Amino acid sequence: MNIKHVWAVYFSPTGTTKKVVCRLSQSIARGLDASWQEYSFNLPEARQRDLSFGPSDLVILGVPVYAGRVPNQMLPFIRDQIHGVGTLAVPVVLFGNRNFDDGLMELRNVLAVNGFYPIAAGAFVGQHSFSEILGAGRPDDQDMALVYELAEQTIKKVLELKEPPNTPVSVEGQDPIRPYYIPKNSQGEPLKDFLKAKPITDLNKCINCGLCVINCPMGSIDPENISQVVGKCIKCCGCIKGCPTGAKYFDSESFLFHRKDLEDRYGGVRAESRIFL
Ligand SMILES: Cc1cc2nc3c(=O)[nH]c(=O)nc-3n(C[C@H](O)[C@H](O)[C@H](O)COP(=O)(O)O)c2cc1C
Ligand code: SF4
Ligand code: SF4
């Protein structure tokens with residue numbers, strides 16, 4: 001098939017999804033001698049408009065896995081405002097060394113319903129947004145080698161295709177998609193108040209640069225008082241990892257318990273990235 005434009009379209013509050021989606025799509029664009037463009041829908045303004053793609057586009061669409069699925073606050077935008085018309089696509093997810101559960105399956109399914117033909121897919125490990133040690137340094141060289149392998153195989157597939165395939169690429173996961181992963185306490189009960197947790201600010205460290213206000217995907221940090229999270233917090237940790245002075249952090253008991261629990265259970269093992277063709 002003749003692809004003229006390759007797109008990197010992503011949500012990536014702490015940058016790992018952006019890294020994988022951009023490198024993957026740039027390699028594919030080079031291999032197909034096509035032009036390349038990126039579209040981040042991190043910010044609320046970027047989710048105001050609709051995105052439409054045609055038969056000469058190839059879209060690499062990436063999101064992080066949140067609670068085993070596509071981030072629920074991003075799902076309406078992806079489902080209702082990103083459409084293809086006979087457009088080839090490569091769904092990509094990043095996950096923080098626990099598991100991608102049904103995140104990739106859910107993303108692939110939404111794309112297939114929206115007029116895309118998912119022809120290849122990948123689930124890659126990225127450093128966990130909550131932690132400095134879980135998936136530390138990922139995606140690393142080994143993960144990136146798999147990204148380039150996916151690029152090569154996708155190029156080959158596109159060049160061999162005479163027309164869009166009848167069935168979407170097979171990926172790991174369950175369909176129907178399972179409920180969101182729920183953080184649990186030591187008794188195995190849902191962690192109380194986890195969803196209410198919001199980052200706080202050490203005003204002794206804050207230099208009032210305003211970066212956290214500008215970059216919050218939910219537009220939730222008050223520009224008049226950057227220590228106030230006035231809207232919804234999806235715990236993406238963009239404000240924490242993006243603060244130049246390390247002034248933002250979570251102190252919620254349930255958040256800290258969940259982070260330690262994840263680190264204890266998944267910190268000592270290396271989850272592997274996967275590609276699907
Ligand atoms: C709210 C939330 C939920 C998450 N849930 C999962 C999960 O279920 N499994 C997993 O392995 N990683 C999970 N992660 C980790 C992210 O998927 C991972 O860190 C990813 O690389 C972040 O992407 P980004 O750098 O593009 O923001 C979660 C992160 C957040 C913020
Ligand atoms: S990014 Fe950090 S230093 Fe900048 S305003 Fe926000 S909390 Fe303060
Ligand atoms: S306030 Fe919440 S949603 Fe906004 S950047 Fe920080 S962690 Fe993400």
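This is a predicted model: local features need pLDDT of at least 70, side-chain atom pairs count only at pLDDT 80 or more; totals for chains, interfaces and linings use all residues.
Local features are given where pLDDT is at least 70 and side-chain atom pairs count only at pLDDT 80 or more, while totals for chains, interfaces and linings use all residues. Residues are numbered from 1 along each chain as its sequence is written, and chains are lettered from A and ligands numbered from 1 in the order in which they are written.

The chain is divided into domain 1 (5-178 + 270-276) and domain 2 (198-251), with bounds that come from an automatic or database domain assignment. The centres of domain 1 and domain 2, taken over C-alpha atoms, are separated by 27 Å. Nine residues from domain 1 and seven residues from domain 2 take part in the contact; two residues are in contact if their C-beta atoms, placed from the backbone, lie within 7 Å. The side of domain 1 that touches domain 2 has five nonpolar, four polar and no charged residues. In this classification Ala, Val, Leu, Ile, Met, Phe, Trp, Tyr, Cys and Pro count as nonpolar, Asp, Glu, Lys and Arg as charged, and the others, Gly among them, as polar.

Helices (H or I, at least four residues) and strands (E, at least two) are DSSP runs numbered from the N terminus. Two strands pair if DSSP finds at least two bridges between them. Strand β1 (residues 5-10) pairs with strand β2 (residues 35-40) in the parallel sense over six bridges, and Val6 stands opposite Trp36 in β2. Together with helix α1 (residues 16-32), β1 and β2 make a right-handed β-α-β unit; right-handed means that, with the strands pointing away from the viewer, the path from the first strand over the helix to the second runs clockwise.

Strand β8 (residues 121-125) is largely enclosed by the rest of the structure, because five of its five residues are buried. A residue is buried if 20 or more other C-beta atoms lie within 10 Å of its own, exposed if 12 or fewer, and partly exposed in between, with C-beta atoms placed from the backbone. In a regular strand the side chains alternate between the two faces of the sheet. In β8, Ala121, Ala123 and Val125 point one way, and Gly122 and Phe124 point the other way. β8 pairs with strand β6 (residues 87-95) in the parallel sense over four bridges, where Leu94 has Phe124 as its bridge partner. Three bridges also join β8 to strand β11 (residues 274-276) in the antiparallel sense, and Ala123 stands opposite Arg274 in β11.

Helix α4 (residues 141-160) contains Ile155, which counts as partly exposed because it has 19 C-beta neighbours inside 10 Å. Leaving aside neighbours within four places in sequence, Ile155 is in contact with Ile28, Gly31 and Leu32.

A residue is near a ligand if its C-beta atom, placed from the backbone, lies within 6 Å of it. Ligand 1 is surrounded by 25 residues, of which Thr16, Thr17, Pro64, Gly96 and Gly126 are the closest. α1 and β6 are the elements that give two or more residues to this shell. The shell around ligand 1 has 10 nonpolar, 13 polar and two charged residues. Both domain 1 and domain 2 give residues to the shell around ligand 1, so ligand 1 lies between them.

Around ligand 2 there are 14 residues, the closest being Cys206, Cys209, Leu211, Cys212 and Cys243. By class, this shell has nine nonpolar, four polar and one charged residues. Ligand 3 has 15 residues around it, and Cys216, Cys233, Cys236, Gly238 and Cys239 come nearest. The shell around ligand 3 divides into 12 nonpolar, two polar and one charged.
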